[in-house]
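Subject: A structure for you to look at

Hi there,

Here is the structure I promised to pass on to you. Please open it next to this email and follow along as you read.

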Amino acid sequence: MKIQGRMFIWLSFFLLIMAIVYGVWSKEPAGTTALFLAFGLSIMIGFYLGFTARRVDAGAQDDKEADVADDAGELGFFSPHSWQPLALGIGGALAFLGVAVGWWLLYFSAPIILVGLFGWVFEYYHGENRTQ
């Protein structure tokens with residue numbers, strides 16, 4: 001994780017320099033703001049990865065002599081049968097459609113998003129999957 005953190009920190013410095021150069025040269029506020037926001041996002045991710053790398057064991061990506069097989073293994077548990085992402089996708093599509101059509105559509109999309117979000121978070125706390 002240290003390598004990824006350093007990469008994001010260097011990317012943030014590059015984005016900061018480019019945002020300043022772009023802002024001075026073009027005097028265009030939208031692109032300059034987008035570059036400064038990208039700088040902020042990159043520095044947050046870089047500091048998070050650096051902060052986390054100090055508290056976890058070093059991975060194979062941090063060892064210059066590691067092989068690809070050293071990083072093999074289980075990555076985590078991923079739900080193979082969840083319908084909740086579909087509800088979130090439909091609710092998100094309706095919400096973004098509400099920006100184009102009318103804000104009233106958010107009244108219909110917000111409950112779909114909330115049902116999908118709560119269903120996804122608490123999916124393994126009820127029903128047949130309670131013990132997983």
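A word on terms before we start: a helix here is a DSSP run of at least four residues, and helices are numbered from the N terminus. A pocket is an open set of grid points where a probe fits, and its lining residues have an atom within 4 Å of a point. Please also keep in mind that this is a predicted model.

The largest pocket has a volume of about 170 Å³. Which elements give two or more residues to its lining? They are helix 1 (2–26) and helix 2 (29–53). Helix 2 gives the most, with five residues. If you want to find the spot on your screen, pick out the lining residues: Lys 2, Gly 5, Arg 6, Ile 9, Gly 46, Phe 47, Gly 50, Phe 51, Ala 53 and Arg 54. By type, the lining of the largest pocket divides into four nonpolar, three polar and three charged residues.

Now for the way helices pack. Two packed helices are described by the angle between their axes and the distance between the axes. The axes of helix 1 and helix 2 come within 8 Å and cross at roughly 160°. Angles over 145 degrees count as roughly antiparallel, and helix 1 and helix 2 are therefore roughly antiparallel to each other. Their crossing is left-handed. The residues in the contact of helix 1 with helix 2 are 18 nonpolar, nine polar and one charged.

Next, have a look at helix 3 (residues 84–101) and helix 4 (residues 106–121), whose axes come within 8 Å and cross at roughly 155°. Helix 3 and helix 4 are therefore roughly antiparallel to each other as well, and the crossing of helix 3 and helix 4 is left-handed. On the helix 3 side, the contact includes Gln 84, Pro 85, Leu 88 and Gly 91; on the helix 4 side, Leu 106, Ser 109, Ile 112 and Trp 120 are among the residues involved. How many residues of this contact are charged? There are no charged ones, and the rest divide into 11 nonpolar and six polar.

Enjoy exploring!

Best wishes

Technical notes: Residues numbered from 1 in each chain as written. Predicted model: local features only at pLDDT ≥ 70, side-chain atom pairs only at ≥ 80, totals over all residues. Heavy atoms only, no water. 1 Å grid on protein atoms, 1.4 Å probe; cavity = no way out; pocket = protein on both sides within 12 Å on 5 of 7 lines; lining within 4 Å. Points joined across faces, edges and corners; volume = space filled by probe spheres on them. Nonpolar A, V, L, I, M, F, W, Y, C, P; charged D, E, K, R; others polar. Axes fitted to C-alpha atoms, helices over the stretch in contact; angles between N-to-C directions. Parallel < 35°, antiparallel > 145°, perpendicular 65-115°, else oblique. Left-handed = near helix turned anticlockwise from the far one by under 90°. Contact = heavy atoms within 4.5 Å.
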